[in-house]
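Me: Please examine the structure shown below and answer a series of questions on its packing, its ligand site and its backbone.

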Amino acid sequence: MNFLEERIIKDGVVKEGNILKVDSFLNHQLDVELFDEMGAEWAKRFEGVEINKILTIEASGIGIACVAARHFNVPVVFAKKTQSVNLDGEMYTAEVESFTHKNKNHVIVSKKYLNENDKVLIIDDFLANGCALQGLISIINSANATVAGIGIAIEKGFQPGGQIIRNLGYRLESLAIVDGMDPATGKITFRN
Ligand code: 5GP
């Protein structure tokens with residue numbers, strides 16, 4: 001078991017509806033030392049890959065992306081969630097359905113901060129159905145930038161997002177892949 005899997009076993013709480021609560025270290029209280037270890041691990045896995053920017057999505061991705069960025073020496077851009085979009089041509093937009101909140105948001109990134117020269121590493125906390133990632137990929141494509149890779153903290157491998165993204169040919173590095181979790185017993189199993 002790696003450091004993140006160990007932490008999930010220690011402090012993660014399995015909820016009904018396929019939700020893993022990790023509020024004590026990832027989503028509410030933030031364990032910055034752990035984020036630093038995660039950043040170092042992604043830097044190792046993406047060694048030799050040209051990356052000049054990290055893209056994430058508010059809110060939970062931001063802290064992880066910022067600490068990871070210290071290992072890549074690149075700026076972080078985060079996609080903002082908004083209910084209404086003012087399509088004034090200054091923004092890239094995509095529609096994203098929220099797995100946890102069951103609503104749809106537009107996500108926007110200013111054209112000022114993403115362009116065709118960018119080689120982008122996407123970072124996010126969770127991968128479930130892949131909607132958030134597909135929104136971010138579509139924004140990168142709109143900018144004619146390149147997806148250099150994708151770093152996810154926790155992938156729920158029993159939901160389809162990971163397979164969809166890998167089938168599209170993207171390099172996806174999830175630090176922990178949960179293959180099963182049982183709200184009755186709290187038991188969590190990981191992919192080897
Ligand atoms: P997707 O778009 O892949 O369906 O869901 C990804 C987003 O939903 C993540 O950015 C994360 O915020 C949220 N999410 C999905 N599943 C979980 C979960 O089990 N626990 C938590 N805490 N967040 C989740």
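The questions and answers that follow concern a predicted model.

Me: Which element gives the most residues to the largest nonpolar core?
Reply: The largest nonpolar core has 34 residues, and Leu4, Leu20, Leu26, Met38 and Ile154 touch the most other members. Elements that give two or more residues to this core include helix H1 (3–11), helix H3 (32–45), strand E8 (146–156) and strand E9 (172–181). With six residues, the element that gives the most is H4.

Me: How many residues does the second, separate core have?
Reply: In general, nonpolar side chains of soluble globular proteins tend to be buried together. Beside the core of 34 residues, the model has a second, separate one. Leu114, Val120, Ile150 and Leu172 are among its members, and its size is 25 residues.

Me: Is Arg7 buried or exposed?
Reply: Arg7 lies in helix H1, and its side chain makes a polar contact of 2.7 Å with that of Asp11. Leaving aside neighbours within four places in sequence, Arg7 is in contact with Gly12, Phe25, Asp31 and Leu34. Its relative accessibility is 18%, and the cut-off is under 20%, so Arg7 counts as buried.

Me: Which atom type of the ligand lies 2.9 Å from a polar side-chain atom of Asn27?
Reply: Among the 16 residues around the ligand, Leu20, Asn129, Gly130, Ala132 and Lys156 come nearest. A polar backbone atom of Ala128 is 2.8 Å from an oxygen atom of the ligand, and a backbone N or O atom of Asn129 also lies 2.8 Å from a ligand oxygen atom. For the side chain of Asn27, by contrast, the ligand atom at 2.9 Å is a nitrogen.

Me: Over the face of which residue does Lys102 lie?
Reply: Lys102 is placed in the loop between strand E5 (91–97) and strand E6 (104–110). Its relative accessibility is 61%, over the 50% cut-off, and Lys102 therefore counts as exposed. Lys102 has a positive phi of about 55° although it is not a glycine. At 4.3 Å from the ring centre, Lys102 lies over the face of Phe99.

Me: Which residue does a cis peptide bond join to Glu58?
Reply: Most peptide bonds are trans. Here omega is about 0°.

Methods: Residues numbered from 1 in each chain as written. Predicted model: local features only at pLDDT ≥ 70, side-chain atom pairs only at ≥ 80, totals over all residues. Heavy atoms only, no water. Core = buried A, V, L, I, M, F, W, Y, C linked by side-chain atoms within 4.5 Å. Buried < 20%, exposed > 50% of the residue type's maximum accessible area, 1.4 Å probe, protein only. Helix = DSSP H or I, 4+ residues; strand = E, 2+ residues; numbered from the N terminus. Lys NZ or Arg CZ within 6 Å of the ring centre and 35° of its normal. Near = heavy atom within 4 Å. Polar contact = N/O pair within 3.5 Å; in protein donor to acceptor, adjacent residues only side chain to side chain. Contact = heavy atoms within 4.5 Å.
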